[in-house]
Amino acid sequence: MRPAHLHYRVTAAGCRPLTTRTCSWPSVRLAGVRLPGDDLVHLARPDGDTVRIVTDVTRFWADARGWTAKAAQLTGEAVPVREVSFAPPVPPSARVICVGLNYRAHAAEGSFDVPEHPTLFGRWTAALSVGDVVATGTPDGVGYVRTPPWLLKPGDVVEAEIDRLGTLRTPVVSRDPQENSR
């Protein structure tokens, strides 16, 4: 039987199952969206088959805690989901750093040789700052290689916790708003 939530705690030692979680920020779901004719990515709070625009990603990451609290109380104009396109909620100035083949079991699943050191790849112009993304690779247990395959579906929730920082909670949703209300 599949768990309703997938919990992981990220530590220096890697990723391990999590049984408890804590977070002092308001609980609110946010998504990156682009409005028609606008290249700017905004953070928006999904609300059924609509989204409510919170602010642009650069302003959001300058005060993520404050904007998250505002988003929880937001009651402004709703934009239909069909009129927006979803985009990563990362500011244009962010640098994305990826770590490849750093989990031995995952490398084995993909029939890759394990390098002596993980491969770093990405592009950036300065040191890490608020809003930057660090992708640490894929641990073992990838769903498509399990027997039977174990893939995420609408209604599942993926949570990642970093000690002393907080928890990232990501509900899995369908592109079809009607399917999400079931």
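1. Y144, V145 and L151 make a nonpolar surface patch of about 310 Å². Such a patch is made of residues with over 30% relative accessible area and no salt bridge, where nonpolar side chains (Val, Leu, Ile, Met, Phe, Trp, Tyr) are joined within 5 Å and like charges within 9 Å. A salt bridge here is a side-chain nitrogen of Lys or Arg within 4 Å of a carboxyl oxygen of Asp or Glu. Accessible areas come from the Shrake-Rupley method with a 1.4 Å probe, and for residues only the protein chains shown count as cover.

2. The model is predicted: local features need pLDDT of at least 70, side-chain atom pairs count only at pLDDT 80 or more, and totals for chains, interfaces and linings use all residues. Residues are numbered from 1 along each chain as its sequence is written, and side-chain values use heavy atoms, with hydrogens and water left out.

3. V145 belongs to the loop between β10 (133-135) and β11. Helices (H or I, at least four residues) and strands (E, at least two) are DSSP runs, numbered from the N terminus. The relative accessible area of V145 is 34%, so V145 is partly exposed (buried means under 20%, exposed over 50%, partly exposed in between). P148 is found in the loop between β10 and β11 as well, and a cis peptide bond with omega of about -5 degrees joins T147 to P148.

4. Strands β11 (residues 157-162) and β12 (residues 166-171) run antiparallel and are joined by 6 bridges; two strands pair if DSSP finds at least two bridges between them. In this hairpin, 3 residues lie between the strands, and R164 takes a positive phi near 65 degrees.

5. An open sheet is formed by 5 strands in the order β6-β5-β4-β3-β7, with antiparallel pairing. Its edge strands, β6 (78-80) and β7 (85-86), each pair on one side only. Within the sheet, β4 (residues 41-47) and β5 (residues 50-56) pair over 6 bridges, and L43 stands opposite T55 in β5.

6. S111, in the loop between α3 (104-109) and β9 (119-123), has a positive phi near 55 degrees. At 69% relative accessibility, S111 counts as exposed.

Technical notes: Buried < 20%, exposed > 50% of the residue type's maximum accessible area, 1.4 Å probe, protein only.
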